[in-house]
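This report covers the pockets of one protein model.

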Amino acid sequence: MARILKEYPSVSLRPEDLDGKIDFVRIFGRAGPVHIEVGTGKGTFLLNQAGAQPGDNFLGIEWARKYYRYAVDRIGRWGLTNVRIIRTDAASFLADFVPDNSVECFHIYFPDPWPKKRHHKRRFISPTNLEHLVRCLRRGGQLRIATDHTEYFEQIKKVLTARNEKLQEIDFLPTAGAQASEWVGTNFERKYLKDQRPIHTLALKKT
Ligand SMILES: C[S@@+](CC[C@H](N)C(=O)[O-])C[C@H]1O[C@@H](n2cnc3c(N)ncnc32)[C@H](O)[C@@H]1O
């Protein structure tokens, strides 16, 4: 039987409520380090990490309606007050709404690889989006990426190398929800580990 998904207005951040650059203190009702997850899927990372870091604020961005609704329902049922989720395209959201030097960490776990060459331009990690990721990170803030797709990972490293005067590679530490042999413990990581696919990770710090 299909699960009945509830709406939680305290969790949802509606694109139509945004007007210019975001004031995160207003959105979360308090100050605190801001983490942004691009492509939240069913919200597993947000549930575990926001639960483990109650002093930090977490914003998930997900454009697929069914995942967005699923994640909002889970966060709401768990009663987490330090998570917001917005249903929108992460690229335009970053460009239009996220202020400079405002983000503690971007989490990008298993971004869609768009394997066909003619679709590569749809990949999230691109020179333009990287400019915005770096702009939005505070100094010392982190960019964390995981993917199972070796060719996309190579392209990601190329894009990042071109920007390496601002980014320094650091150890990728497992997330709060990761179990033995996992890095991030998300639904896609679990699925890909079962398929015995390689998992590539990368963490960088803004200098
Ligand atoms: C492969 S899934 C990974 C989901 C989750 N991070 C995980 O590891 O289980 C990629 C997710 O990113 C979302 N997504 C892809 N491009 C996006 C974009 N530009 N803005 C927001 N969400 C996006 C997709 O709808 C999908 O839910």
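## Second largest pocket

Helix α3 gives the most to the lining of the second largest pocket, with four residues. Helices (DSSP H or I, at least four residues) and strands (E, at least two) are numbered from the N terminus. The elements that supply two or more residues to this lining are β1 (12–13) and α3 (65–78).

In total, 13 residues line the second largest pocket, and E7, S12, R14, Y68 and R69 lie nearest its centre. By class there are six nonpolar, one polar and six charged residues. Ala, Val, Leu, Ile, Met, Phe, Trp, Tyr, Cys and Pro count as nonpolar, Asp, Glu, Lys and Arg as charged, and the others, Gly among them, as polar. The volume is about 320 Å³.

## Basis of the values

The model is predicted: local features need pLDDT of at least 70 and side-chain atom pairs pLDDT 80 or more, while totals for chains, interfaces and linings use all residues. Residues are numbered from 1 along each chain as its sequence is written, and side-chain values use heavy atoms, with hydrogens and water left out.

A pocket is an open set of points on a 1 Å grid over the protein atoms alone, where a 1.4 Å probe fits, with protein on both sides within 12 Å along at least five of seven lines; lining residues have an atom within 4 Å of a point. Points are joined across faces, edges and corners, and a volume is the space filled by probe spheres set on them.

## Largest pocket

The largest pocket has a volume of about 750 Å³. Its lining holds 36 residues, with G39, E62, F110, P111 and D112 nearest the centre. Two or more lining residues come from each of β2 (34–38), α2 (44–52), α4 (90–97) and α7 (187–194). Of these, α7 gives the most, with three residues.

The lining of the largest pocket comprises 17 nonpolar, ten polar and nine charged residues.
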